Amino acid sequence: MKNPYTGTEPENGVRQIMIRDPFWDPLREIIRSRAIPYQWLALNDALPGTEPSGCLRNFRIAAGKETGVHHGFVFQDSDASKWLEGVAYSLLSHPDPELERKADEAVETMIAAQQPDGYLNTYYTITAPDRRFTNLRDNHELYCLGHMIEAAVAYHRATGKTALLEAAERYADLADRTFGPEPEKKHGYPGHPEAELALIRLFAHTGNERYLRLARYFVDARGREPLYFREEERLNGNGRYYFADGPLGYAYCQADKPVLEQQEAEGHAVRAMYLYSAMADLARLTGDPGLRAACRRLWDSVTERRMYITGGIGSSPYGEAFTFDYDLPNDTAYAETCAAIGLVFFARRMLLLEPEGKYADVMERALYNCVLSGMQLDGQRFFYVNPLEVLPEACGRDNAKRHVQFRRQPWFGCACCPPNLVRLLMSLEDYLYSVSGSRVYIHLYLSSEAEFRLPGGTLRLDCRTEYPWDGRIRYSLHANAPLRVELALRLPAWSPRFSLLVNGEKAAYPSEKGYLILDRTWAEGDRIEMELELRPRLFAASPLVPEDAGKAAVVCGPLVYCAEEADNGAGLHRLSLDPSAEPVWDYHPEVPGNGKAVTVSGWRDRDWSGGGSALYRPWNGPDRERVGIRLIPYYAWANRSPGEMRVWLRMG
Ligand SMILES: [Zn+2]
């Protein structure tokens, strides 16, 4: 293997992996060649036509190398960390000395701002050095610590350089000296979870159990009475809690009750996902049955009652939050890109805790739809909010839809999503497989070469596929000597039928929790050919979702499709699908997303209003003309002239 991605997350059990995939390679190449350099300019305030980020400048000011005031949000530091983390993964699969030099420069800039006791946060160092750790609820110091740790672990993995890792450990050590159950320590925890999952990564990377203990403390202490955030507000004279009087209260930051008592996914969706990810890690590492049960309960709450078909979560702009079961409005959806990314993080950790196909199904759904929709296909524009229905005029004129955009934006004052997307997509290698004993789980189908160190020897698995455009997936196996391995191939819930050939012969194997278990002794050159039923189909939402009643969406494999004005004209609400029609592939090279569109026969309501003279009239039966409705992959919407978009269309 050339340029293998080595040393993936240790719990995966993958020794080396290289993705060479026709779907993902072009997207990741765009991230490498365009998005990462573009974001470097943003961090350095060199992006023409956008508000300066101030991110790296803040570090220089905090280090005393420049004068000025802190710029941007209290969590501005995390933009640099997330960029660095994405760069680290990019370097793992694609060494680039020039990029590494820029990354080293960023590391040097960041570390220079570290205080003698390990503290590193430019907002407080510049504006209020005597107020550190006095407002954990609102001010994100521990969130920034978390992102710095994740960047440091990834950068150490990629380059072997230790400077950032040592700096992150110094800051983590300070956090460990400051927070914990001991009477002399502060009994707080992060308002925005992130440090928890990062400290667990730091533990996995260094073996230092203090970091695991601190992560566990943060999770255990959360939401207990007397509520730390309330005490902190009173003692430190902090501003009144923004969500104090609204429907969210402390559920906004998942601190209204201890995590073991949380029954439903509540509050800010990104915070929820980062917290649940840490809980799943802790459940795996500690074997705590209560935590495991909480993770399962919260997973079901998110994915069975509060998730869009695109994998988007957090349906309300108020608090960027979950609301209540089956409340999934399409045109005011928040569905932040970061929340879908967080769902992918949570799913991967649930797969490590207890491999089940349902986790991988959701992970894939979020990845191929809501996550990917966050980036324009040229890698230089981004969505923060990912609606399932857009009327451009409403975005500018309806206050309730002010958060919805119909064009991706060049950058954001709060720029959490773009670098988050980069770090996830550049670390896809960590999401394909996991190993449990002598069982290799295959969660995602991407063309790749991977090597596993297993109890009986080393196995290499080469995968070739055109997925998600084609359901055929071929593996060839390579081992120095015959090797007994259980290969667990995921059977996606959307593929009711599949076929399987082993060495060219039809094979029957048992399935278990969404995986086909191929338990046999494998030899060099063995082949597996699997074919999933990948064709466009109409999907309905649960009748309990009011917004989608009487509507259908087109889904093909992991991809959700949508109608755009560019293909169907304005007034997408006038379209309805013919329930008896089969959606068919409809190749159009100009359609974004590989040109593979889908056409379904349907109708368009005729306009009888004569341009506005008749708003109402007695019902007179359908008055419509037959049309073919063209749909394109949701992730590729808004890559042509701006216009309307809809995922759910009326039936009949
Ligand atoms: Zn975001």
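Colleague: Which elements each supply at least two residues of the lining of the second largest cavity?

Modeller: They are helix 14 and strand 4 (433-436), where helices (H or I, at least four residues) and strands (E, at least two) are DSSP runs numbered from the N terminus. Helix 14 gives the largest share, three residues. The model is predicted, with local features needing pLDDT of at least 70 and side-chain atom pairs pLDDT 80 or more, while totals for chains, interfaces and linings use all residues. Residues are numbered from 1 along each chain as its sequence is written, and side-chain values use heavy atoms, without hydrogens and water.

Colleague: How is a cavity found?

Modeller: Rolling a probe the size of a water molecule over the atoms shows where empty space is left. On a 1 Å grid over the protein atoms alone, a cavity is a set of points where a 1.4 Å probe fits but cannot get out, and lining residues have an atom within 4 Å of a point. Here there are five cavities of 30 Å³ or more.

Colleague: What volume does the second largest cavity have, and which residues line it?

Modeller: Its volume is about 50 Å³, counted as the space filled by probe spheres set on points joined across faces, edges and corners. Among its lining residues are Asn 12, Arg 348, Met 363, Tyr 431 and His 443.

Colleague: And the largest cavity?

Modeller: The largest cavity has a volume of about 130 Å³. Of its 14 lining residues, Glu 85, Glu 150, Arg 201, Phe 345 and Tyr 431 are the closest to its centre. Helix 14 again provides the largest share of the lining, three residues.

Conventions:
On a 1 Å grid over the protein atoms alone, a cavity is a set of points where a 1.4 Å probe fits but cannot get out, and a pocket is an open set with protein on both sides within 12 Å along at least five of seven lines; lining residues have an atom within 4 Å of a point.
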